[in-house]
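Dear colleague,

Please find below the structure that I am handing over to you.

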Amino acid sequence: MSASHEQQDPPEPRVGPAPTGAPESRPYHHPAAGWGAAKGVTQFLVRERALVDGPRAIKRMNHEDGGFDCPGCAWPDDTKGLHLDICENGIKHVTWEMTRKRVGREFFAAHSVTELYGWSDFDLENQGRLTEPMVYDPESDHYVPISWQDAFEVVGGALRGLDDPNRAAFYTSGRLGNEATFLYQLMARELGTNNLPDCSNMCHEASGRALKASLGTGKGTVDLKDWEATDALFILGVNAASNAPRMLTALADAHDRGAQIVHINPLVEAAATRTIVPHEFTDMALNKATRTSTLNLQPRIGGDMALLRGMAKAILEQSGHDPKALDREFIDRHTTGFDAYRALCEATLWEEIEKQSGVSRADVLDAARVYRDADRSIVSWCLGVTQHEHGVDTVREIANLLLLRGNVGREGAGPSPVRGHSNVQGNRTCGIDHRPTEEFLSRLAEVCDIDPPREHGLDTVATIKAMHRGEVKVFVAMGGNFALAAPDTPYTYEALRSCDLTVQVSTKLNRSHLVHGRRALILPCLGRTEKDHQRRGVQSSSVEDSMSMVHLSIGMKRPASPHLLSEPAIVAGLARAALPDSATPWEWYIEDYDRIRDTMAQALDGFEDFNRRVRLPLGFRIKQPARELVFLTPSGRAEFSAAALPDVVPAPGTLALGTMRSHDQWNTTIYSDNDRYRGIKNLRTLVFMNRDDMRERGIAHSAPVDITSTAKDGSRRHLNGFLAIPYDIPRGCAAGYMPEMNVLCALGDFSTQSDQPIMKHVKVTVRPSGCGAAV
């Protein structure tokens, strides 16, 4: 296997662990979760030697009575007092963080950065928890210990020495708590920059921009109680069994009460068939599965918008003889742009809808019939919808469909994006935004007595480009594994190595520590499972889930090392060093996080009376004007959009490839080379293909193939020696795992609508290995 641009570079290290056997591929026909999940958890706890700590954590995770929030997905906590509101991947994620293994100065003394770079990403993280601050020593090519104060001064000195604060960028992953997030953006803006790229720039930026334009809010309008009351659920581009496993409970409950559930995805994932919810002990004992769908549709990659347009067209056609098909009172009273949208739907031919969606008219009409017959409908989606050139238009098409029948602002109805990381939505709410509004900045200036910059900052793609050009010289990352998560891997590596200083705030060793600037720091932080001791006692942090509920999280374990600092304390230390004349009371804030929350209550809309409300059972829900039929759009109404359908049909000989996670993986953290729900063992370097596409290219089952992507600018990127696996996926489509396939997505291939990398729609050719380069 090798990965490269047009020229062949040395092979990149493996991502997953060394194989434990020969690669295997066989269809998976069992229910999602159930005994498969129970077995997977048990094996993982045994492997990690966490048979005591693991169950203890399970009892405390996602509990309102002094528990900690799962550091995995952003699915909301159960509203009915469920005592086992957990999932397989959440347990793995927490156990991975609670490991007894340690990475201290002795480890770094024994292994050079050059040596570690050749390790697999699994082996890097599997070494355990980081224990003390480290600084890169170029003479020895080793990381060596550094005191916290000296580390802060390295960063502070670098930031103070910049001729323009915009030569620094401050990245955020989705796990940073709200309090640390608020301090982090405050530091950046007091320094004088809005360069606040985050993981949303790569994931749900399209959702926020589309919903803002359509409804005046960048978030979904529903909560879990709406899921419990709806008549129909439409799930688009979501692999729930792996990405948001606790959704399985909601899907099973919906089916049991008679709701219709329509899954729309190029791959029919395990969560779209059946499940056994592990905390339903009777079902587990009887091995009784519950269906999680009533209809499965498989559009081509990128074909969701055409399918949604077809549903809307069917509803409009039905309204000619059935006035109840539309909610005309809602449309007339609360929306604008309906006539133009109706004309667009009428002008869109069914032949074009079938061609672009890859779904037959009959199947589109089946989905439209479910929507028409339901009194209340929810549409939920994830990255399968957003990571496309036309992602914003597709989410706006979701809003269009909802508006036709008044499915906004009432119980059991509305848009429901599925955020993939624990507090990624909270990060944006609390100020991590490279395009802040004037209203937010003015309020921040008044409350915090600073003068924040008004010009927009850099997002993730723009930050990588600016680092590559030498314009951004200091890069600070709060969590995550930026080097591995970003697209166009070799280009991103070159960008990071062009920096004067890179700073990684982390819990474990990862690739981003080894792909670094001329100077580099590793700053180890507390995990969410650990107690955060400050001067005024043990502190709690808050998080916001994907349905706008804000609640507290408090760790249960003794920290992995006495030298770890909390994320808020690290931010405060960096800020004090970078801004020695700052009037912001950084140290005072860290003594008691309630003080941070009091300031947030004044600065952030929806956080009024923060400290009291966040301590209520299940916390509180941030107000959503659109939920109350108040639309903060230029027209003051919900706005229909009228975008033309994009042409998503691959050119002859090419395939549309989407990257995705395996089941035994969380973002860039790889637990094994297995993907249970897709029937894969001991293999990650693969490409899933339609059998007819394989036959047409002369590719046998599990045969090695070479994959070539062609970017918008004509440049090419290659992956060689991947194994082709036949799969139930539409013709003209292919799929494979990130981060291995990130190299295929050129940095310049980002959506002009959202600036997101189009990692779900990469144009590729696939041919048997050794047949020569694609022409």
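**Findings**

Strand β6, which covers residues 134-137, pairs with β7 in the antiparallel sense over four bridges. Within this pairing, Tyr136 stands opposite Tyr143 in β7. Please note that the model is a predicted one.

Both strands belong to an open sheet of six strands, whose order is β7-β6-β19-β18-β17-β8 and whose pairing is mixed. At its edges lie β7 (142-145) and β8 (168-172), each of which pairs on one side only. From one strand to the next, the twist averages 20°.

The loop between β18 and β19 holds Gly517. With a relative accessibility of 4%, Gly517 counts as buried, because the cut-off for that term is under 20%. Setting aside residues up to four places away in sequence, Gly517 touches Leu496, Arg497, Cys499 and Thr502. Ile596 is 79 residues from Gly517 along the chain, and the C-alpha atoms of the two are separated by 32 Å.

I turn next to the nonpolar cores. As a general matter, nonpolar side chains in soluble globular proteins tend to be buried together. The largest nonpolar core in this model has 61 residues, and those touching the most other members are Leu159, Phe170, Phe182, Tyr184 and Leu523. Beyond its neighbours within four places in sequence, Tyr184 is in contact with Phe170, Tyr171, Thr172, Leu176, Ile432, Val476, Ala477, Met478 and Val571. Another core, of 53 residues, lies apart from the largest one; among its members are Ile264, Val379, Leu401 and Val408.

A further open sheet consists of three strands in the order β22-β23-β24, with antiparallel pairing. Its edge strands, β22 (541-544) and β24 (620-621), each pair on one side only. Strand β23 (residues 549-553) is joined to β24 by two bridges, and the two run antiparallel. Met549 has Arg621 in β24 as its bridge partner. Helix α8 (residues 178-191) packs on this sheet and touches β22 and β23, its direction making about 90° with that of β22.

Which strands pair with β26? One of them is β34 (residues 762-768), which pairs with β26 (residues 655-660) in the antiparallel sense over three bridges. In β34, Val764 is the bridge partner of Leu655, and Lys763 is that of Ala656. Another is β33 (residues 733-737), which pairs with β26 in the parallel sense over five bridges. Here the bridge partner of Ala656 is Cys733.

Finally, I describe the protein chain as a whole. The chain contains 30 helices and 34 strands. Its radius of gyration is 25 Å, close to the 28 Å that the globule rule gives for 775 residues, so the chain is as compact as a globular protein of that length. Taken along the principal axes, the box filled by its C-alpha atoms is roughly 75 × 60 × 55 Å. Of the 775 residues in the chain, 65% are buried. Among contacts with a separation of 6 or more, 78% are made by residues 24 or more positions apart. The accessible surface of the chain comes to about 27,400 Å², and carbon and sulfur atoms account for 51% of that area.

Yours sincerely

Note on methods. Residues are numbered from 1 along each chain as its sequence is written. This is a predicted model: local features need pLDDT of at least 70, side-chain atom pairs count only at pLDDT 80 or more; totals for chains, interfaces and linings use all residues. Side-chain values use heavy atoms; hydrogens and water are left out. Two strands pair if DSSP finds at least two bridges between them. Axes are lines fitted to C-alpha atoms, for helices over the stretch in contact, and angles run from 0 to 180 degrees between N-to-C directions. A nonpolar core is a set of buried Ala, Val, Leu, Ile, Met, Phe, Trp, Tyr and Cys residues joined through side-chain atoms within 4.5 Å. Buried means under 20% relative accessible area, exposed over 50%, partly exposed in between (1.4 Å probe, protein chains only). Contact means heavy atoms within 4.5 Å. The radius of gyration is taken over C-alpha atoms; the globule rule is 2.2 Å times the number of residues to the power 0.38. Accessible areas come from the Shrake-Rupley method with a 1.4 Å probe; for residues, only the protein chains shown count as cover.
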